[in-house]
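Please consult the sequence and structure shown here alongside the text.

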Amino acid sequence: MKARRKARTVALQALYELDCTRHPLEIVLGHRLEETALEPDLAAFARQMVIGVRGLAAALDQQIARNAPEWPLEQMALIDRNILRMAIWEFAVDGGTPIKVAINEAVELAKLFGSDSAPRFVNGVLGALAARESELAQSLLAAQRTTISLELSKKKSADDADSHR
């Protein structure tokens, strides 16, 4: 298995576990990274992907729902949804992977972990999104800025509360 695909596999396994359980992200990610030997840069890539996808899950899901209306999110296989989330995050938010590579890698993950129809489904949804790549990137980056602002605001409120005690 190619090195980056191995890192994507670790990220997918972590995201799947996080969707199925209430385990803390850092513990799940730590266990997955312990189980699979990755070079430090690939471990960082997997970690960044998991944190990035989790942070934008709602915005990513909106884009998936918009482009797969015949498959309501709650009926979509968790593995397929996470493969889609990862690919969209990779080409539209992270931007470090060419869109064709991100789609191909997603299809390969769907072949490994999804049902027989998953590769075709993943390719179709991502193909529709690829046609709107710049619009998609703008939408997700705006969602990311909003998420960061909310997190900073919560942290400031917590810090203010602590300083008044």
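Does E90 count as buried or exposed? At 2% relative accessibility, E90 counts as buried. The model discussed here is predicted.

**Salt bridges of E90**

- E90 pairs with R4 in a salt bridge whose closest N and O atoms are 3.9 Å apart.
- Because R4 belongs to helix α1 (residues 3-20) and E90 to helix α5 (residues 78-94), this pair ties together parts that are 86 residues apart in sequence.
- R4 is partly exposed, its relative accessible area being 35%.
- A salt bridge also joins the side chains of E90 and R8, with an N to O distance of 2.6 Å.

**Other salt bridges and the network**

- In total, the count of salt bridges comes to 12.
- One of them is formed by E17 and R32, whose closest N and O atoms lie 2.4 Å apart.
- This pair connects helix α1, which holds E17, with helix α2 (residues 25-35), which holds R32; the two residues are 15 residues apart.
- E17 counts as buried at 15% relative accessibility, and R32 is buried with a relative accessible area of 14%.
- Through shared partners, salt bridges join R4, R5, R8, E90 and E105 into one network.

- R85 is located in helix α5.
- With a relative accessibility of 6%, R85 counts as buried.
- Its contacts, apart from neighbours within four places in sequence, are D19, V53, A57, L60, D61 and I64.

**Nonpolar core**

- The largest nonpolar core comprises 51 residues, of which I88, V122 and L126 touch the most other members.
- Two or more residues of this core come from each of α1, α2, α3 (40-55), α4 (57-67), α5, α6, α7 (118-130) and α8 (133-163).
- Helix α5 makes the greatest contribution to this core, giving 10 residues.
- L126 is in contact with L84, A87, I88, F91, I103 and A106, when residues up to four places away in sequence are not counted.
- As a general background, nonpolar side chains in soluble globular proteins tend to be buried together.

**Surface features**

- Which residues make the nonpolar surface patch of about 320 Å²? The patch is made by M1, L112 and F113.
- L112, a member of this patch, lies in helix α6 (residues 99-113).
- E74 is placed in the loop between α4 and α5.
- E74 is exposed, with a relative accessible area of 68%, the cut-off for exposed being over 50%.
- The C-alpha atoms of E74 and T147 are 23 Å apart in space, while the two residues are 73 residues apart in sequence.

Note on methods:
Residues numbered from 1 in each chain as written. Predicted model: local features only at pLDDT ≥ 70, side-chain atom pairs only at ≥ 80, totals over all residues. Heavy atoms only, no water. Patch = residues over 30% accessible without salt bridge, like charges linked within 9 Å, V, L, I, M, F, W, Y side chains within 5 Å. Areas by Shrake-Rupley, 256 points an atom, 1.4 Å probe, with all protein chains shown as cover. Salt bridge = Lys/Arg side-chain N within 4 Å of Asp/Glu carboxyl O. Helix = DSSP H or I, 4+ residues; strand = E, 2+ residues; numbered from the N terminus. Buried < 20%, exposed > 50% of the residue type's maximum accessible area, 1.4 Å probe, protein only. Contact = heavy atoms within 4.5 Å. Core = buried A, V, L, I, M, F, W, Y, C linked by side-chain atoms within 4.5 Å.
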